[in-house]
Amino acid sequence: MRMHPESMTPSASLGDVLRLVHSERSMKQAVLRLLRGTEGSVHPEARRSQSVWELHYERLAEVGLVASQEEGVWTLTERGHQVGTYLAQCEAGDELDLMFSRLDCQADSVFLDLGCGAGPALIKASELSTPPQWMIGIDIDRSSLVAADAALGGHRPQCLLIQADLSALPIRDGAVTRVSSRLSLPYVDQRASLAELGRVMAPGGQAFLQVHSVGFYLRLLWDERLQWKRVILNGFCLLNGFMFALFGVQLKVPNRHGLYQELYQTRGGLAKILKQQGMTILWSERDRLFRVLGKKNGA
Ligand SMILES: C[S@@+](CC[C@H](N)C(=O)[O-])C[C@H]1O[C@@H](n2cnc3c(N)ncnc32)[C@H](O)[C@@H]1O
């Protein structure tokens with residue numbers, strides 16, 4: 001359904017505004033432009049070359065995604081930032097190409113994306129030359145699922161979106177043949193979530209897991225060295241990854257969202273925990289990210 005901003009108010013729901021920006025490519029580009037632009041705004045000097053975008057910004061302003069601070073200076077509102085972040089998640093083309101070149105989806109595959117966010121892996125899976133028969137996206141965050149719902153468009157009927165914690169998957173044993181997890185595992189309980197992964201995978205099933213390597217946090221520690229709160233957080237993730245790799249202990253600290261337990265993973269640590277779930281690593285690669293293709297034994 002094509003959405004018209006004229007029929008929507010600034011208090012339109014997140015789902016409605018997401019469907020609006022997904023309905024036209026140029027609307028998506030306009031939000032991403034502001035998200036990535038200099039300090040999130042377009043300055044008057046650059047206005048002449050930007051004038052082609054003005055119309056889009058005005059339409060986005062009607063639904064509360066952008067605001068005009070002064071004539072010709074547009075910025076994303078808080079809601080606009082949220083929408084832009086979801087759109088940016090779906091721009092991970094190269095990483096997704098790499099993932100699906102390894103994860104051999106078949107026409108009868110049941111594909112599960114753990115921590116699906118705004119749905120980039122689900123969208124990519126649905127666009128494969130041989131898309132999976134069914135897709136399931138799981139995320140703990142309801143707004144992310146609303147974003148995935150809007151982004152999936154015509155592919156939505158093949159996809160089940162579920163709000164759940166990765167440490168307690170509402171899926172029966174052995175029901176899934178292909179699994180992906182892009183940057184969601186670093187934030188969860190490693191033992192419980194990887195046990196759930198092993199439980200729901202069918203024998204012979206494959207999982208592509210993307211996690212953070214130690215280099216990811218070392219780099220952040222350096223880049224964010226002047227922000228003391230970030231230094232503490234990055235230091236915590238490094239200590240936590242070290243504790244987990246050496247002693248199998250994951251530290252958990254209460255925060256306003258629940259428990260903070262972020263960490264890096266090592267090939268050895270992941271191989272050990274996957275082995276306990278009856279899985280073998282077939283391939284891995286490490287730079288700032290750490291990518292693993294695993295197979296559930298037994299087929
Ligand atoms: C960095 S985002 C990655 C999103 C998506 N996989 C992508 O490729 O863009 C991490 C996602 O993991 C989800 N997440 C974090 N902890 C979770 C948990 N315990 N259970 C389920 N999802 C979780 C977050 O809500 C978020 O959507």
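Guide: The expected span of a helix is 1.5 Å times one less than its number of residues. Keep in mind throughout that the model is predicted.

Visitor: What makes the reach of helix 2 close to the expected one?

Guide: Helix 2 covers residues 25-36, which is 12 residues. From its first C-alpha to its last it reaches 16 Å, and 16 Å is also what is expected at 1.5 Å a residue.

Visitor: Which residues of helix 2 are buried, and what places them on one face?

Guide: Met 27, Lys 28, Ala 30, Val 31 and Leu 34 are buried. Looking down the axis of helix 2, these buried residues lie within an arc of 160°, so they line one face of the helix. Arg 25 and Arg 36, on the other side of helix 2, are exposed.

Visitor: Why is Leu 185 called buried?

Guide: A residue is buried if 20 or more other C-beta atoms lie within 10 Å of its own. Leu 185 has 23 C-beta neighbours inside 10 Å, so Leu 185 counts as buried. Leu 185 sits in the loop between strand 6 (176-182) and helix 8 (190-200).

Visitor: Which residues does Leu 185 touch, leaving out those up to four places away in sequence?

Guide: Leu 185 touches Ser 193, Leu 209 and Val 211. Two residues are in contact if their C-beta atoms lie within 7 Å.

Visitor: Which residues of helix 7 are buried, and what covers them?

Guide: In helix 7 (residues 142-152), the buried residues are Ser 144, Leu 145, Ala 147, Ala 148, Ala 150, Ala 151 and Leu 152. Their cover includes helix 1, helix 4 (78-89), helix 6 (120-126), strand 4 (134-139) and strand 5 (159-163). After helix 7 comes Gly 153, with a positive phi near 50°.

Visitor: How is the protein chain divided into domains, and what makes up the contact between them?

Guide: Domain 1 is 5-88, and domain 2 is 93-213 + 265-296. Six residues from domain 1 and eight residues from domain 2 take part in the contact. On the side of domain 1 that touches domain 2, helix 1 (residues 14-23) gives the most, with five residues. That side divides into three nonpolar, two polar and one charged.

Visitor: How many residues surround the ligand?

Guide: The ligand is surrounded by 17 residues, and the closest are Gly 115, Gly 117, Asp 141, Arg 182 and Ser 184. The shell holds eight nonpolar, five polar and four charged residues.

Key: Residues numbered from 1 in each chain as written. Predicted model: local features only at pLDDT ≥ 70, side-chain atom pairs only at ≥ 80, totals over all residues. Helix = DSSP H or I, 4+ residues; strand = E, 2+ residues; numbered from the N terminus. Buried ≥ 20, exposed ≤ 12 C-beta atoms within 10 Å, placed from the backbone. Arc of directions from axis to C-beta. Domains from an automatic or database assignment. Nonpolar A, V, L, I, M, F, W, Y, C, P; charged D, E, K, R; others polar. Near = placed C-beta within 6 Å.
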